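Here is a short briefing to read alongside the sequence and the 3D view. Please keep both open as you go.

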Amino acid sequence: MALRTVTHATCPCGHHGSIVESRYDDGETHWYLATLRELSHNGIYDGLDPLFSETTPSCPSCGRSLGPEHATDKERIAASAVVSP
Ligand SMILES: [Zn+2]
């Protein structure tokens, strides 16, 4: 079973990006991958939210570091086959 979670984040400057988490578990194999879309990796978030502290997203437009307070929406997408990005 593969599950993809997309966390949308909006910077105060208006730029919008997202963090895509992919999880796969069929009982034998499991992996986890978090990738950024339309966001940079060089943020400075160091708080309690594991997703943001692991990916440290920042805005590619203005350079601001983004944290969970900038998350605007979360969607879960179950997929029988997830293609790795
Ligand atoms: Zn920005």
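This is a predicted model: local features need pLDDT of at least 70, side-chain atom pairs count only at pLDDT 80 or more; totals for chains, interfaces and linings use all residues.

Residues are numbered from 1 along each chain as its sequence is written. The chain holds one helix and four strands, where helices (H or I, at least four residues) and strands (E, at least two) are DSSP runs numbered from the N terminus.

**Overall layout**

- Reading from the N terminus, the elements come in the order β-β-β-α-β.
- Along the principal axes, the C-alpha atoms fill a box of roughly 40 × 20 × 20 Å.
- Of the 85 residues, 20% count as buried; buried means 20 or more other C-beta atoms within 10 Å of the residue's own, with C-beta atoms placed from the backbone.
- Among contacts with a separation of 6 or more, 41% come from residues 24 or more positions apart; a contact means that two C-beta atoms, placed from the backbone, lie within 7 Å.

**The sheet**

- Four strands make an open sheet in the order β3-β2-β1-β4, with antiparallel pairing; strands pair if DSSP finds at least two bridges between them.
- The edge strands are β3 and β4 (71-79), each pairing on one side only.
- Neighbouring strands of this sheet are turned by 15° against each other on average, direction ignored; the axes are lines fitted to C-alpha atoms.
- β2 and β3 (residues 30-37) pair over eight bridges in the antiparallel sense, and Glu-21 has Ala-34 as its bridge partner in β3.
- These two strands, β2 and β3, form a hairpin with four residues between them, and Gly-27 in the turn has a positive phi of about 100°.
- β1 (residues 2-10) and β4 also pair over eight bridges, antiparallel, with Ala-71 in β4 as the bridge partner of Ala-9.

**Ser-18 in strand β2**

- Ser-18 sits in β2 (residues 16-25) and counts as buried because it has 20 C-beta neighbours inside 10 Å.
- Ser-18 and Thr-7 are 11 residues apart in sequence, yet 5.4 Å apart in space, C-alpha to C-alpha.
- Beyond its neighbours within four places in sequence, Ser-18 is in contact with Val-6, Thr-7, His-8, Ala-9, Arg-37 and Glu-38.

**The nonpolar core**

- The largest nonpolar core consists of six residues: Ala-9, Cys-11, Ile-19, Leu-39, Cys-59 and Leu-66; such a core is a set of buried Ala, Val, Leu, Ile, Met, Phe, Trp, Tyr and Cys residues joined through C-beta atoms within 7 Å.
- Setting aside residues up to four places away in sequence, Leu-66 touches Ala-9, Cys-11, Leu-39, Gly-43, Pro-57, Ser-58 and Cys-59.

How values were computed. A residue is buried if 20 or more other C-beta atoms lie within 10 Å of its own, exposed if 12 or fewer, and partly exposed in between; C-beta atoms are placed from the backbone. Axes are lines fitted to C-alpha atoms, for helices over the stretch in contact, and angles run from 0 to 180 degrees between N-to-C directions.
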